[in-house]
Amino acid sequence: MPDRGAAPERPGAQEWVPPDADVDALAAAAPGCRGCELWGPATQVVFSAGPSRAALVLVGEQPGDREDREGEPFVGPAGRVLHDALHDAGIDPDPVYVTNAVKHFRFTERGKKRLHKSPAVAHVRACHPWLSAELAAVRPRVVVCLGATAARSVLDRDVTIGEVRGRVLDEHPADAPDAAVLVTAHPSALLRLRGRDGWDEAYAALVADLRTAAAAAG
């Protein structure tokens, strides 16, 4: 019988990431990834959306329930906030490449509901070869990290949002050394404020951060 107390195997995604691949080849290979245990309960891998070359890349945390079901990133409630913020920042979303640090939905079940559960650092590390390959293929001018999990994956260190938010950092992703990095809040953090005090300020801050990133991307 399997040891239910044993730690899950997380060999990392590198075995499944084709070398020197373009985005189409990466997306085609991703469904076969077994780099961590999250592939098992998830409906499908959620890879990315957007062009194969893009000046601006947005990196989120992981897919949510709706993204897991539809196979596209940022199509749920947080995605609607992000889309609105891009519009209000004057950014056309079509030429923007959107992805996540972790490609499978991590959740806990409560009755018929699947509730978001943040990925562990081990999941971020296991999935990082995909993000590295994406950045190398897309060759962005600016990478926007939406939240601390994305920032940790892109910068390979722990990040406190409040300390670095909203400015272009003097740091670069290892596989996109010409890309600038900007850290902001994840749109899901704003959802908790909708209809409450602080929403207007939080939304305006996200829009301002996206506008700064777009200006840096040219």
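1. Glu109 is found in strand β4 (residues 107–110). Helices (H or I, at least four residues) and strands (E, at least two) are DSSP runs, numbered from the N terminus. Glu109 and Glu15 are 94 residues apart in sequence, and 30 Å separates them in space, C-alpha to C-alpha.

2. A word on the model before going further. This is a predicted model, in which local features need pLDDT of at least 70 and side-chain atom pairs count only at pLDDT 80 or more, while totals for chains, interfaces and linings use all residues. Residues are numbered from 1 along each chain as its sequence is written, and side-chain values use heavy atoms, with hydrogens and water left out.

3. Now to the aromatic pairs, of which the structure holds three. One of them joins Phe47 and Trp130 in an edge-to-face arrangement, at 5.8 Å centre to centre with 85° between the planes. The partners come from distant parts of the chain, 83 residues apart: Phe47 is in the loop between α1 (23–29) and β1 (48–49), and Trp130 is in helix α4 (residues 121–138). Phe47 and Trp130 are buried. For the cut-offs, rings of Phe, Tyr and Trp (its six-membered ring) pair if their centres lie within 6.5 Å; planes under 30 degrees apart are stacked, over 60 edge-to-face, and the rest tilted.

4. A stacked pair is formed by Trp199 and Tyr203, with 5.6 Å from centre to centre and 20° between the planes. Because they are four residues apart in helix α8 (residues 199–217), about one helical turn separates Trp199 and Tyr203. Both of these residues, Trp199 and Tyr203, are buried. Ala202 also has its place in helix α8, and with a relative accessible area of 17% Ala202 is buried. Between Ala202 and Pro187 there are 15 residues in sequence and 9.5 Å in space, C-alpha to C-alpha.

5. Two arginines are worth a look beside aromatic rings. The charged end of Arg34 sits over the ring of Trp39, 3.7 Å from its centre. Arg114 lies over the face of Phe107, with 4.8 Å to the ring centre. A charge sits over a ring if NZ of Lys or CZ of Arg is within 6 Å of the ring centre and within 35 degrees of the ring normal.

6. How many residues of strand β8 (residues 180–184) are buried? Five of the five are, so β8 is largely enclosed by the rest of the structure. Ala180, Leu182 and Thr184 point one way from β8, while Val181 and Val183 point the other way. β8 pairs with strand β6 (residues 142–146) in the parallel sense over five bridges, and Val183 is the bridge partner of Cys145. With strand β7 (residues 168–169), β8 pairs in the antiparallel sense over two bridges; here Val181 is the bridge partner of Leu169. Two strands pair if DSSP finds at least two bridges between them.

7. Of its 15 lining residues, the closest to the centre are Cys33, Cys36, His104, Cys127 and Trp130. By class, the lining of the largest cavity has eleven nonpolar, two polar and two charged residues. Ala, Val, Leu, Ile, Met, Phe, Trp, Tyr, Cys and Pro count as nonpolar, Asp, Glu, Lys and Arg as charged, and the others, Gly among them, as polar.

8. The largest pocket has a volume of about 500 Å³. Its lining has 24 residues, of which Gly64, Ala78, His116, His186 and Ser188 lie nearest the centre. On a 1 Å grid over the protein atoms alone, a cavity is a set of points where a 1.4 Å probe fits but cannot get out, and a pocket is an open set with protein on both sides within 12 Å along at least five of seven lines; lining residues have an atom within 4 Å of a point. Grid points are joined across faces, edges and corners, and a volume is the space filled by probe spheres set on the points.

9. Finally, a backbone detail to check: Asp156 has a positive phi of about 60° although it is not a glycine. Asp156 is found in the loop between α5 and α6 (161–164), and is exposed, with a relative accessible area of 63%.

Notes:
Buried < 20%, exposed > 50% of the residue type's maximum accessible area, 1.4 Å probe, protein only.
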